Amino acid sequence: MSRSDWEVVIGLEVHAQLNTASKIFSGASTAFGAAPNVQACAVDIALPGVLPVLNRGAVERAIRFGLAIGAEVAPKSVFARKNYFYPDLPKGYQISQFELPVVQGGTITIRIGEGDKAYEKTVNLTRAHLEEDAGKSLHEDFHGMSGIDLNRAGTPLLEIVSEPDMRSSAEAVAYARTLHALVRWIDICDGNMQEGSFRCDANVSVRRPGGPLGTRREIKNLNSFRFLQQAIDYEVQWQIDTLEDGGRIQQATVLFDPDTGETRMMRSKEDAHDYRYFPDPDLLPLVISPEWKARVQSEMPELPGAMKARFMEQWGLSAYDATTLTASKEVASFYQTAVEAAGVALAKPCANWVMGDLAARLNKAELDVAASPVSPVQLAGLVARIADGTISNNIGKKVFDALWNREGNSADAVIEAQGLRQTNDAGAIEAMIDEVLAANQKSVEEFRAGKEKAFNALVGQVMKASKGKANPAQVNELLKRKLEA
């Protein structure tokens, strides 16, 4: 049987660390990179006599997320104790939310693929709830034992749970990327996957198309989009092979090994009743008033979907261009600033430069757009000089290189300093054309014999003679007139 005989079913649980300065129930710092165990206070590890106090900033970030996905922000939610023990959770329970989460429902629209094969899909969310992070077990630096760092214990998390709506690893990665961009866009999480600020658990099962849901296995703690895709692809094939060989899938928690590209079972999967949830006696229910929700709403930035629609409606961009330019808040801000400086009439050329030359150069230099040596205003100036005929598009690339290398503080300064202004003098261009025609009689004869490539060769010779400064449109027009005379 082929893989097409099976349907893949995927749901994601994403843990986003909220970017508050202090922990969810204590005043201890959440800063990353401190020496082990210097940021774990008595509240974080529940020493006798301490009481947790809820961090208002964490709640506001949860409200912000709920508003961004069109979810219900619960007017009343409850914190519970989720009972289990690991070495990095010394109090023996995690404060989380179970029956009454702060965010319920909501949707995220994702785009998968490119070109004609691209499609959009809406993924439904089940919930998003507040909880505290556990500490961290360290294995690499110890021989025959593990170290425990409790600095992370108590760091506020928003656990975002999707419905099992995804049908491929590509859809899962598109969802994770879209969610990652959103939490950074609304400034609730820094999204640093290397530091564990944004971690994914993937629930994966397979079934016959249209059949009942299969038994799922949960792949834990995936901290890169590449690993997420590799882990799901391996797990899907493993489950299909197991079932086709007559085996059974046991509900389990598994880990992905990036060195082997394989998943391996860690433990049989617990269900909710195994955790013995009960309301935390030290925390009152969380009540969110309509006034509080309205204030957070008033402070929300324009969301990616709304900005995408505006770029298409007001600036005439295609769906692809608008989607690409709103994939991150930083790129969208750069682009919008460039258009505001260049003028709305140049929105499309600005988009081409941001998605083309700028993106390629940033990628090659491994830089974020915020660190671009070429500012949005400088790029706008370059686009404007191409549009008004001061320079050609090819010369524009030279100007861009100079701006990138900080050889001038504006496109105009580079053009003047390097003498790059385009030649629009028809008489001067005609003189160059005459010289080129006289020196390239063979190409002239080939063109008149019907070979169009010969015309392009002659255009190239004229542009070379002008050192790229002749107006290309004028060169084409005057050359064709002379050849057809």
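How many aromatic pairs does the structure hold? In this predicted model, the structure holds 11 aromatic pairs. Among them, phenylalanine 25 and phenylalanine 79 form an edge-to-face pair. Their centres are 5.6 Å apart, with 85° between the planes. The pair links distant parts of the chain, 54 residues apart. Phenylalanine 25 sits in the loop between strand S1 (7-17) and helix H1 (56-68). Phenylalanine 79 lies in the loop between strand S3 (76-77) and strand S4 (80-83). Phenylalanine 25 is buried, at 5% relative accessibility. Phenylalanine 79 is buried as well, with a relative accessible area of 1%.

Tyrosine 275 and tyrosine 277 also pair. Their ring centres lie 6.1 Å apart and their planes meet at 70°, so the pair is edge-to-face. Tyrosine 275 is buried, with a relative accessible area of 11%, whereas tyrosine 277 is partly exposed at 22%. Both tyrosines belong to a cluster. Ring pairs link Tyr275 and Tyr277 with Tyr84, Tyr86 and Phe98.

Helix packing was examined for H8 and H10. Helix H8 spans residues 347-365 and helix H10 residues 393-404. The two pack at an angle of about 40°, with their axes 12 Å apart. H8 and H10 are therefore oblique to each other. The crossing of H8 past H10 is right-handed. On the H8 side, the contact is made by Trp353, Asp357, Leu358, Arg361, Leu362 and Ala365. H10 contributes Asn393, Gly396, Lys397, Phe400, Asp401 and Trp404.

How values were computed:
Residues are numbered from 1 along each chain as its sequence is written. This is a predicted model: local features need pLDDT of at least 70, side-chain atom pairs count only at pLDDT 80 or more; totals for chains, interfaces and linings use all residues. Side-chain values use heavy atoms; hydrogens and water are left out. Axes are lines fitted to C-alpha atoms, for helices over the stretch in contact, and angles run from 0 to 180 degrees between N-to-C directions. Helices (H or I, at least four residues) and strands (E, at least two) are DSSP runs, numbered from the N terminus. Angles under 35 degrees count as roughly parallel, over 145 as roughly antiparallel, 65 to 115 as roughly perpendicular and the rest as oblique. A crossing is left-handed if the near helix is turned anticlockwise from the far one by less than a right angle, and right-handed if clockwise. Contact means heavy atoms within 4.5 Å. Rings of Phe, Tyr and Trp (its six-membered ring) pair if their centres lie within 6.5 Å; planes under 30 degrees apart count as stacked, over 60 as edge-to-face and the rest as tilted. Buried means under 20% relative accessible area, exposed over 50%, partly exposed in between (1.4 Å probe, protein chains only).
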